[in-house]
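Visitor: I'm new to reading protein models. Could you walk me through one and tell me what backs up each label?

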Amino acid sequence: MGNLKVMYLNPVGTPAYDQVFADMVRDVRLPGTEVHITSLKAEDGAFTHIEFRSYENVVSTGIVRAARAAAAEGFDAFAIGCFYDTALHDAREVSGSMIVTAPCVAALEIAASLSNRVGIIVGRRKWVHQMNATVRDNGMAERLSGFYAVDLGVTEFQANHKRTEERLYEAGRRAVEEDFAEALILGCTLEIGFNRKLEERLGVPVIDPSIAAFKRAEYAAVLKRDCGLVPSRAWSCEAPPESEIAEFGIIGDGDVFGNRIRVEAD
């Protein structure tokens, strides 16, 4: 039946974290899955993070174009690598039969299969309003124990690893011991695999959002191939007319990726 093809998009115009994501998927992908780690061109937003809505707005067009290009290349699934789930619904509109997911919705779906009550650890209080809307939209509001901020922006996570690790642990401890969370989601993480360190200390499952997004995309691709589950493009998911995409010429040219790392299937 051929290999599955999944694209993981680092939705910024710099490739700084592309290799980190490539190393991550090598450890967790299925043997028959080919993965492409991509990022945008610098002119689409040369940020190292999109912590602010203004940054998100700048890269959203690139994300939509990337989803359209990935679908045209024949990818089975596509993951947008930001916990804000930036441009998720927009990208789905132009992705045809390709599945599109993102870290927050993917992590919530996984948490729902592991627990009745979940806490989300975030960097700063700034993030909560937007992420709370995603939790509500995905029907998980009643299962949320709360958001737990560690008062660190995205770039500050790597400045002092010991400080970040202890703040993440303390936030998780509060969620588990004071608010009775049965699972935790990391809105931002220190390093790939750090979730397992927290699991050992806290005694509950801790979900890494990057891994969640990739594995949920891969699983959806399996369901599509083996069970014929193809995403709907009707009603609220209706795609723009192909004639208009061609006429406007904004999202259909495919020349969008600034960097690409290919992880071959075994």
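Visitor: Leaving aside its neighbours within four places in sequence, which residues is Val154 in contact with, and what makes that a contact?

Guide: Contact means heavy atoms within 4.5 Å, and Val154 has such contacts with His49, Glu51 and Trp127. Val154 itself sits in the loop between strand 6 and helix 6 (161–178). A word on the source: this is a predicted model, where local features need pLDDT of at least 70 and side-chain atom pairs count only at pLDDT 80 or more, while totals for chains, interfaces and linings use all residues. Residues are numbered from 1 along each chain as its sequence is written, and side-chain values use heavy atoms, with hydrogens and water left out.

Visitor: How far is Val154 from Glu200, in sequence and in space?

Guide: They are 46 residues apart in sequence and 24 Å apart in space, C-alpha to C-alpha.

Visitor: Why is Thr189 called buried?

Guide: Buried means under 20% relative accessible area, exposed over 50%, and partly exposed in between, with a 1.4 Å probe and protein chains only. Thr189 has a relative accessible area of 14%, so it counts as buried. Thr189 lies in the loop between strand 7 (183–186) and helix 7. Leaving aside its neighbours within four places in sequence, Thr189 touches Phe157, Gln158, Phe194 and Asp208.

Visitor: What does the side chain of Thr189 reach, and what makes that a polar contact?

Guide: It reaches the backbone oxygen of Glu191 at 3.5 Å. A polar contact is a pair of N or O atoms within 3.5 Å; within protein, one must be able to donate a hydrogen and the other to accept it, and residues adjacent in sequence count only if both atoms are side-chain atoms.

Visitor: How do you know which strands pair?

Guide: Two strands pair if DSSP finds at least two bridges between them. The strands, like the helices, are DSSP runs numbered from the N terminus (helices H or I, at least four residues; strands E, at least two). Strand 5 (residues 118–122) and strand 7 run parallel and share four bridges, with Ile120 partnered by Ile185. Strand 7 and strand 8 are joined by two bridges, also parallel, and Leu184 is partnered by Val206 there. Strand 5 pairs with strand 6 over five bridges in the parallel sense.

Visitor: What makes strand 6 and strand 8 the edges?

Guide: The four strands form an open, parallel sheet in the order 6-5-7-8. Strand 6 (144–149) and strand 8 each have a single partner strand, so one side of each is left without a neighbour in the sheet. As for strand 7, both faces are covered: Ala183 and Ile185 on one side and Leu184 and Leu186 on the other are all buried.

Visitor: What makes a space a pocket, and what volume does the largest pocket have?

Guide: On a 1 Å grid over the protein atoms alone, a pocket is an open set of points where a 1.4 Å probe fits, with protein on both sides within 12 Å along at least five of seven lines; lining residues have an atom within 4 Å of a point. Grid points are joined across faces, edges and corners, and a volume is the space filled by probe spheres set on the points. The largest pocket holds about 650 Å³. Of its 29 lining residues, the closest to the centre are Phe21, Gly81, Val154, Cys188 and Ser210.
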